[in-house]
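Please open the structure in your viewer and keep the selection tool at hand.

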Amino acid sequence: MRPTSGRPYLAIPGPSVVPDEVLRAMHRPAPNIYEGPLIEMTAGLTPDLLSVARTSGDVAIYISNGHGAWEAALANVVAPGEKVLVPATGRFGHGWAEIARGLGLEVEILDFGKQAPADPDRLENALRADTAGEIKAVLATHVDTSTSIRNDLAALRQAMDAAGHPALLMADCIASLACDRFEMDAWGVDVTVAASQKGLMLPPGLGFVYFNGRAVAAREAMARVSRYWDWVPRADPALFYQYFGGTAPTHHLFGLRAALDMIAAEGLEAVWARHARLARAIWAACDIWAEGGPLALNVADPAFRSHAVTALRIGAPHGTDLRNWVQDKAGVTLGIGLGMAEPGDPAWHGFFRMGHMGHVNAHMVQGMLGAVAAGMAALEIPHGTGGLEAAARVIGGA
Ligand SMILES: *Cc1c(COP(=O)(O)O)cnc(C)c1O
């Protein structure tokens with residue numbers, strides 16, 4: 001078989017598949033940045049971005065990836081020497097903590113390992129122990145893409161309220177926005193960080209920082225904020241260039257317009273429901289396969305699994321072998337096992353991830369699962385039979 005024939009499918013957890021509508025919207029000559037369609041379009045992006053996060057707050061756009069948006073968010077509300085608390089449930093929680101340290105913040109980590117969600121009780125206790133009120137913000141990851149754990153942000157907010165602690169709740173929704181249900185205002189999230197290349201279906205290159213009134217107050221109390229990261233002019237620009245702290249990310253903005261239109265046309269609730277059903281189909285297949293071999297879902301409790309990415313354990317060297325097989329023979333690229341073992345450790349080859357975020361539908365997921373089933377058969381990795389049929393029953397409405 002020639003894997004180069006037909007469409008390749010990048011089934012990694014970001015960057016995700018870019019829809020043709022988005023590609024077409026971006027395929028245009030460089031637009032004028034002083035007048036015309038770009039200027040006329042940009043202000044209209046804000047209300048649609050806000051509705052995707054279910055907030056009536058503000059949003060600032062950065063020309064950055066997710067790491068840049070992490071830094072942007074922190075730079076507006078916490079000053080060097082101040083303290084943040086990080087409930088970590090995987091590589092990305094630790095990654096945000098590293099960005100915080102780099103900004104000169106003091107970081108306390110509550111480590112929940114790689115297979116369990118953040119425990120609200122432990123968060124509450126940690127905040128109660130902060131009698132001096134030193135902790136300025138809690139940096140929570142909604143979906144940690146490395147482990148595929150989905151944390152209960154509303155429960156974390158309740159724990160903060162139960163402790164009577166004034167820290168801001170900051171949420172990394174880079175892997176969850178427009179995939180998993182997220183209600184910024186209803187859940188009491190003060191600052192939300194997102195990026196373009198996952199549920200928003202764009203290439204990497206845009207970072208988003210959403211903020212509410214409590215975060216505005218924290219920003220006003222800062223002695224100094226980097227001119228570039230400052231969200232004030234970006235969210236409320238007097239001049240067009242201030243939206244982006246310089247030249248606009250021209251083509252990304254046309255792509256973003258197309259992506260937001262697609263989400264609006266489908267309906268955000270329907271987008272979430274589609275992701276939920278496709279995720280359940282994947283879990284159903286993996287549960288069956290797990291009965292007869294080494295494959296295992298990383299997160300045991302479905303209530304704490306992402307609907308956008310699924311982390312799997314299969315034992316070394318099967319993870320790497322399977323990834324290579326489906327890429328070379330079937331044109332499907334699966335995700336590496338990020339943060340589960342050190343690269344160089346033979347155990348590293350025992351993990352992989354399926355990305356199912358953004359522009360995905362049933363036949364794409366069923367095709368990916370079919371390729372994995374073929375790979376396990378070809379590589380003689382033991383597995384239970386009937387996984388594809390189990391997935392089909394979920395797709396079919398079971
Ligand atoms: C992808 C991702 C990031 C990092 O985004 P980059 O664009 O690679 O900088 C951070 N957090 C989460 C949860 C992610 O999924």
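Begin with the ligand and its shell, which by class comprises five nonpolar, five polar and two charged residues. Here Ala, Val, Leu, Ile, Met, Phe, Trp, Tyr, Cys and Pro count as nonpolar, Asp, Glu, Lys and Arg as charged, and the others, Gly among them, as polar. The model is predicted: local features need pLDDT of at least 70, side-chain atom pairs count only at pLDDT 80 or more, and totals for chains, interfaces and linings use all residues. Residues are numbered from 1 along each chain as its sequence is written, and side-chain values use heavy atoms, with hydrogens and water left out.

**First stop: the ligand**

Select the residues around the ligand, including Trp70, Phe92, Asp172 and Gln197; a residue is near a molecule if one of its heavy atoms lies within 4 Å of it. Now colour helix α4 (residues 66–77), which gives the most to this shell, with three residues. Helices (H or I, at least four residues) and strands (E, at least two) are DSSP runs, numbered from the N terminus.

The protein covers 89% of the 380 Å² of accessible area that the ligand has on its own (Shrake-Rupley method, 1.4 Å probe).

**Second stop: Thr55**

Next, select Thr55, in the loop between α3 (45–52) and β2 (58–64). Is Thr55 buried or exposed? Its relative accessibility is 9%, so Thr55 counts as buried; buried means under 20% relative accessible area, exposed over 50%, and partly exposed in between (1.4 Å probe, protein chains only). Display the backbone nitrogen of Gly57, which lies 2.9 Å from a polar atom of the Thr55 side chain. Leaving aside neighbours within four places in sequence, Thr55 is in contact (heavy atoms within 4.5 Å) with Leu50, Met184, Asp185 and Tyr210.

Finally, select strand β12 (residues 309–313), in which four of the five residues are buried. β12 pairs with strand β11 (residues 296–297) in the antiparallel sense over two bridges; two strands pair if DSSP finds at least two bridges between them. Within β12, Arg313 is the bridge partner of Ala296. Strand β14 (residues 351–355) also pairs with β12 in the antiparallel sense, over five bridges.

How values were computed:
A polar contact is a pair of N or O atoms within 3.5 Å; within protein, one must be able to donate a hydrogen and the other to accept it, and residues adjacent in sequence count only if both atoms are side-chain atoms.
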